[in-house]
Amino acid sequence: LPNPRSTAKRNSRSSLTNTQKRELLVTRWTADHLLIGGRGSPLPARDRFFRFPAGSGESLSGFVKESQMLQPTIRGLQEKDLKKLAKLYAECFAEPPWFEVFNVEDVVQEIALVLAMKDAVTAVAEMHGVVVGAAWGFEVRREADVMALAHVPASAFYVSEIFVAASARGQGLARGLVGSLLKRVSGAECGVVRTSVNQPRIIRLFEGLGWKVVSREEVISEKYINGQTLSAPDTRVILCSS
């Protein structure tokens, strides 16, 4: 059955004049919360609309659902992405619970090394030319401690990194990035990932794909909090696809 609320919105929207439509204010508070006129409740993705400013010269053919305009492109990592990705990586991992500080140039070099690996598989999410996330992985033999804790063969695929810009979260990009990696992996008996218990979203993401926690490890991590470098305990979990 049609959603009465959605039908009412469509009817009220269609009764507006072209000028009123152009003036319909859609305020983007976050990637997940769009409020019409600064009031009301967040709109589901299918009801989010984008407007061109009045007098912009754009026709109302441009007045379309935001979900149609902001579909991400997921592709392989390219050399031109290095600096943008390194900056985004540093921003993401400066957030809780990681509180890590990275030199962007050092990250550029590390990503370049991944790009040069023959067994590496990469994925980059892009929206309107802006890089908003990435993921990559390689054979777990490169991470001997993970291989030992997970009890998997050396050819298992290890999801090494996955990160999404704060402004683009909540839209399924992380799942899309992981899905892109796994579709292009060949010859791997299973997949493996290591994360923190303080990252429930990542754990739920992989559990939603059918992966299971197979091991835990207690570690001491260096974190940069309030201008100080601190050593903090952390529990890492390893999930495996089989």
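This is a predicted model: local features need pLDDT of at least 70, side-chain atom pairs count only at pLDDT 80 or more; totals for chains, interfaces and linings use all residues.

Visitor: Why does Asp 234 not count as a salt-bridge partner for Lys 223?

Guide: A salt bridge needs the side-chain nitrogen within 4 Å of a carboxyl oxygen. Lys 223 therefore has none, since the nearest side chain of opposite charge, Asp 234, lies at 4.7 Å.

Visitor: Which backbone oxygen does the side chain of Lys 223 reach?

Guide: Lys 223 sits in strand E8, residues 212-225. At 3.4 Å, its side chain reaches the backbone oxygen of Trp 98.

Visitor: Which element gives the largest share of the lining of the largest pocket?

Guide: That pocket holds about 960 Å³ of space. Among the 34 lining residues, those closest to its centre are Phe 93, Trp 98, Ile 162, Gln 199 and Ile 202. The lining divides into 18 nonpolar, 6 polar and 10 charged residues. The largest share, 7 residues, comes from E6.

Visitor: Which residue does a cis peptide bond join to Pro 96?

Guide: Most peptide bonds are trans. Here omega is about 5 degrees, and the bond is cis.

Visitor: Is His 151 buried or exposed?

Guide: His 151 is in the loop between helix H6 (144-150) and E6, and has a positive phi of about 55 degrees. Exposed means over 50% relative accessible area. His 151 is at 70%, so it counts as exposed.

Key:
Residues are numbered from 1 along each chain as its sequence is written. Side-chain values use heavy atoms; hydrogens and water are left out. On a 1 Å grid over the protein atoms alone, a cavity is a set of points where a 1.4 Å probe fits but cannot get out, and a pocket is an open set with protein on both sides within 12 Å along at least five of seven lines; lining residues have an atom within 4 Å of a point. Grid points are joined across faces, edges and corners, and a volume is the space filled by probe spheres set on the points. Helices (H or I, at least four residues) and strands (E, at least two) are DSSP runs, numbered from the N terminus. Ala, Val, Leu, Ile, Met, Phe, Trp, Tyr, Cys and Pro count as nonpolar, Asp, Glu, Lys and Arg as charged, and the others, Gly among them, as polar. Buried means under 20% relative accessible area, exposed over 50%, partly exposed in between (1.4 Å probe, protein chains only). Lys and Arg count as positive and Asp and Glu as negative; His and the chain ends are not counted. A polar contact is a pair of N or O atoms within 3.5 Å; within protein, one must be able to donate a hydrogen and the other to accept it, and residues adjacent in sequence count only if both atoms are side-chain atoms.
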